[in-house]
Each structure stands twice: as structure tokens, then as C-alpha cells.
Amino acid sequence: EYVVVGAHFDHLGRSGASALDPDSAEAVRNGADDNASGTAAVMELARLLSRHAPRRSVIFVTFSGEELGLLGSQRFVDQSPVPIDRVVAMLNFDMVGRLRNDRVIVYGVETATEMRSLVDSAASGTGLEVRGVGDGYGPSDHSSFYARGIPVLHFFTDLHEDYHRSTDDADVVVGVGVVVGRVVGFAERVVRAVADRNERVTLVRVSRPAPVAGSGRGREVYLGSIPDMSAPETPGVRLTGVRAESPADKAGLKAGDIIVEFDGKTVKDLYEYTDALQARKPGDTVTIVVLREGARVQLTATLGRRGG
């Protein structure tokens with residue numbers, strides 16, 4: 001049996017398709033946090049776990065094509081080098097290099113009956129404030145595994161103003177060795193707890209389709225909103241602006257609006273917003289509810305095609 005430890009190593013480069021600074025022309029988006037930090041975490045976990053191997057085998061893998069629609073991780077589960085039903089869990093690291101106020105978010109704690117208690121136990125004594133979130137789906141590579149019936153965890157130090165921008169570079173990942181090291185020290189405990197158990201962790205299935213398919217379906221949908229990544233704890237998705245002549249602009253969305261509902265679905269954070277948007281297709285007409293100066297405003301938008 002196997003535990004998979006993974007991260008994506010691709011980023012946007014010069015592509016402005018998913019960038020939040022599309023006007024930066026030829027600027028290279030290196031992705032120091034998204035996701036050189038996750039790649040570094042996987043490498044460090046490989047070093048630490050090799051000192052004393054857990055009872056189950058651990059597969060360390062870095063994926064490409066995550067930014068295009070989880071292409072690498074989808075290919076892995078479709079053509080796994082080991083029988084996919086022998087994979088007992090997958091731990092994903094995506095943006096773990098910007099630790100602030102000692103807070104780490106771990107998604108997927110409700111994908112197996114024992115996961116939350118294992119995570120809470122591993123966090124004890126680390127000095128980290130670990131917040132467990134239940135969902136095993138989301139716009140990162142763990143989603144490909146959960147869609148195949150594999151319990152998952154996704155380690156994340158939260159959004160920030162440099163997300164998907166050319167400013168996400170090495171100089172803003174302050175003390176990356178210390179930051180990633182603290183997250184990895186905690187994660188090593190979790191990996192060992194899962195890998196050393198006598199029994200597999202018990203899968204809990206959620207009847208919800210994966211938000212992103214390996215074909216990249218949904219990534220072509222375009223609204224033109226620009227989220228404010230400097231306020232990740234704001235309920236909903238606050239906008240710093242909208243792109244000129246975009247569907248968002250034509251619908252009347254403005255800088256300062258907070259999206260709280262999309263197509264009838266409540267939006268509490270960027271993940272829920274991304275899921276709701278990517279569930280639609282170009283040409284669909286959707287209702288969007290925003291908070292504007294404290295008042296709820298309902299708008300209607302016709303979604304476009306990215307690059308179209």
C-alpha cells in the first residue's frame with residue numbers, strides 16, 4: 001500500500017490567461033509560493049522520511065499542468081505506476097511558503113473518518129494554528145485523487161496579494177527555509193500517522209463532482225473579475241477591479257464589490273467562487289450577488305471564453 005505526497009511544479013510563466021496582473025505584458029510569473037514552495041516541501045519530506053521509512057511505501061511526485069486544469073495529477077491517477085486502489089491517501093502541498101501568524105489551513109480533513117483527529121494530534125506542540133477544512137475537492141491536484149475515491153489532505157498557508165502575479169518571486173518568500181520547514185515538520189507527523197496505521201484510513205465520499213477535470217474543462221470560462229488577495233479572510237471574494245470590456249465589466253461589477261453568491265451558490269472564499277465559475281461554460285448567463293457598501297446587489301453576467 002502507498003501514500004502519495006505531491007505538489008505541482010508548473011506556474012504561469014509569461015501566460016496572462018490566469019494571471020491577476022494581465023497588463024504586465026511579458027513579465028515572467030515564476031511562482032515562488034505557487035508552487036516552488038510546495039515542490040520544496042515534497043523534496044524535504046522525501047529527505048526526512050528516507051531517514052526512517054514508514055510502514056507503508058511513500059510515492060513522492062511533482063505534477064506539471066496544474067495551472068491548465070490538473071493535467072499532471074489526472075494523468076497520474078489514470079495511468080498510475082502502482083495499482084490505484086492500493087493508494088491509501090494523497091497529501092498535497094500548494095502554496096506553503098507564506099506562513100503568517102503561525103496559521104496553516106489543511107483541506108480534506110473530512111475525506112476520511114480518522115483524518116481530522118490525525119491532523120489535530122500532529123499539530124499538537126508545533127506552535128502552529130492549524131485550521132481543518134472538510135472539503136476534498138478544490139482547484140489543486142488533491143482533487144484528482146479524491147475524485148478517484150482516495151482520501152486527501154491539502155496543506156496551504158493561504159492566499160496573498162502576490163498570487164498569480166509576477167511579484168510572486170523569491171524575495172517575497174521571507175525565510176522560506178524556516179517557513180516550509182515548519183509546515184513540513186508538521187506534515188511529516190501527518191504522513192507517518194497515515195502510513196504507520198494498522199488499517200487504512202476510512203474513506204468518506206462526498207456526492208459532488210470534481211470542480212476541475214483533467215481536460216481543463218472550466219478553465220476556458222471567463223468573467224474578468226480581479227480578486228483582492230490581500231484580504232483572504234473576508235467572507236466572499238472582494239474585487240480589486242474588473243478587466244475593461246470583460247463580462248464582469250459589462251455586468252456592472254466594480255472594484256470593492258464582494259461576491260457572496262454566484263449562480264445561486266453561496267460564495268465564502270475563492271475556492272467556492274472558482275468551483276462555481278468553472279462549473280459553467282462560455283455563453284451561460286448567471287446571476288451574481290455582491291455586497292456593495294453594505295447593500296446586496298444582484299447583477300446578471302453572460303460568461304465569455306478566455307482568450308476569445
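Buried means under 20% relative accessible area, exposed means over 50%, and partly exposed lies in between, with a 1.4 Å probe and protein chains only. Keep these cut-offs at hand for the views below.

This is a predicted model, in which local features need pLDDT of at least 70, side-chain atom pairs count only at pLDDT 80 or more, and totals for chains, interfaces and linings use all residues. Residues are numbered from 1 along each chain as its sequence is written, and side-chain values use heavy atoms, with hydrogens and water left out.

Figure 1. Helices (H or I, at least four residues) and strands (E, at least two) are DSSP runs, numbered from the N terminus. Along its principal axes, the C-alpha trace spans about 60 × 40 × 35 Å. The radius of gyration is taken over C-alpha atoms, and the globule rule is 2.2 Å times the number of residues to the power 0.38. For 308 residues a compact globule would come out near 19 Å, and the chain agrees because its own value is 19 Å. Buried residues account for 54% of the 308. Contact means heavy atoms within 4.5 Å. Of the contacts between residues at least 6 apart in sequence, 76% join residues at least 24 apart.

**Figure 2. How confident is the predictor, and what is the mean pLDDT of the chain?** The pLDDT is the predictor's confidence in each residue, from 0 to 100. Its mean over the chain is 88, and 91% of the residues reach 70 or more. Over residues 209-218, however, the pLDDT is below 50, although this stretch has 26 contacts in the model beyond near neighbours in sequence. Where pLDDT is low, the predicted coordinates should not be read in detail.

**Figure 3. The surface and the charges of the chain.** The chain exposes about 13300 Å², and carbon and sulfur atoms supply 49% of that area. Accessible areas come from the Shrake-Rupley method with a 1.4 Å probe; for residues, only the protein chains shown count as cover. There are 36 positive and 42 negative side chains, and the centres of the two sets lie 4 Å apart. Lys and Arg count as positive and Asp and Glu as negative, while His and the chain ends are not counted. Each charge is placed at NZ of Lys, CZ of Arg, CG of Asp or CD of Glu.

**Figure 4. Helix H2 and its packing partners.** Which residues of helix H2 (residues 71-78) are buried? They are Gly-72, Ser-73, Gln-74, Phe-76 and Val-77. These buried residues pack against strand E1 (2-8), strand E2 (57-63) and helix H4 (142-146). The loop between E2 and H2 holds Leu-70. Leu-70 counts as buried because its relative accessible area is 0%. Look at its backbone too: phi of Leu-70 is near 60 degrees, a positive value in a residue other than glycine.

Figure 5. Ser-37 sits in helix H1 (residues 32-51). Is Ser-37 buried or exposed? Its relative accessibility is 1%, so Ser-37 counts as buried. Not counting residues up to four places away in sequence, Ser-37 touches Ala-32, Met-95, Val-96, Gly-97 and Val-180. In the loop between E1 and H1 you will find Gly-13, which is partly exposed because its relative accessible area is 24%. Gly-13 and Arg-29 are 16 residues apart along the chain, yet their C-alpha atoms are separated by 4.7 Å. Leaving aside neighbours within four places in sequence, Gly-13 is in contact with Ala-27, Val-28 and Arg-29.

**Figure 6. Glu-129 and Asp-102 in contact.** Glu-129 belongs to strand E5 (residues 129-133). Beyond its neighbours within four places in sequence, Glu-129 is in contact with Asn-101, Asp-102, Arg-103 and Val-104. At 48% relative accessibility, Glu-129 counts as partly exposed. Asp-102 lies in the loop between strand E3 (87-93) and strand E4 (103-107), and its relative accessibility of 33% is why Asp-102 counts as partly exposed. Asp-102 has a positive phi of about 60 degrees, although it is not a glycine.
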